[in-house]
Amino acid sequence: MSPAPALPGSLVLVTGVNGHVASLISYTLLSNGYRVRGTVRAIQRAAVVKESFAAFKDRFEVVEVPDISKKDAFRSAMESLSCPFNLPTDKVLRASIIQV
């Protein structure tokens, strides 16, 4: 039996919400009636995305997860979720792609 899909109005977590792909996914979710909780590593980096999604008012929130390598780093961000979207970034991989 497959899990039930998250319905509009459900709370969805999007990691790295200030990144390009994650912000596009968040916009699509918000536009389709979902609530989005986005994570950032530093809350100061959330200003642009908060401003971009201001029209969605209380359906968008940002939480800081400063060290994603720590055990239970996402525990509080995961509370009351219907669905997570994990969009990891590997700094080592990104650096090696830029060098190629």
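**Figure 1. Overview of the predicted model.** Buried residues account for 26% of the 100 residues in the protein. The structure shown is a predicted model. Its secondary structure consists of 3 helices and 4 strands, which follow one another along the sequence in the pattern β-α-β-α-β-β-α. The accessible surface amounts to about 7000 Å², and carbon and sulfur atoms contribute 57% of this area.

Figure 2. The 4 strands are arranged in the order S3-S2-S1-S4, and their pairing is parallel. Strand S3 (60-64) and strand S4 (83-85) are the edge strands, each pairing on one side only. From one strand to the next, the twist averages 25°.

**Figure 3. The pairing of strands S1 and S4, with helix H1 on the sheet.** Strand S1 (residues 11-14) runs parallel to S4 and is joined to S4 by 3 bridges. Within this pair of strands, Val14 stands opposite Phe85 of S4. Helix H1 packs on the sheet, where H1 touches S1, strand S2 (35-40), S3 and S4. The direction of H1 makes about 170° with that of S1.

Figure 4. Ser26 belongs to helix H1, which spans residues 20-31. Is Ser26 buried or exposed? Ser26 counts as buried because its relative accessibility is 0%, and the cut-off for buried is under 20%. Apart from neighbours within four places in sequence, Ser26 is in contact with Val14, Val17, Val36 and Phe53. One of these residues, Val14, is the residue that stands opposite Phe85 in S4.

Notes
Residues numbered from 1 in each chain as written. Predicted model: local features only at pLDDT ≥ 70, side-chain atom pairs only at ≥ 80, totals over all residues. Heavy atoms only, no water. Helix = DSSP H or I, 4+ residues; strand = E, 2+ residues; numbered from the N terminus. Buried < 20%, exposed > 50% of the residue type's maximum accessible area, 1.4 Å probe, protein only. Contact = heavy atoms within 4.5 Å. Areas by Shrake-Rupley, 256 points an atom, 1.4 Å probe, with all protein chains shown as cover. Pairing = 2+ DSSP bridges. Axes fitted to C-alpha atoms, helices over the stretch in contact; angles between N-to-C directions.
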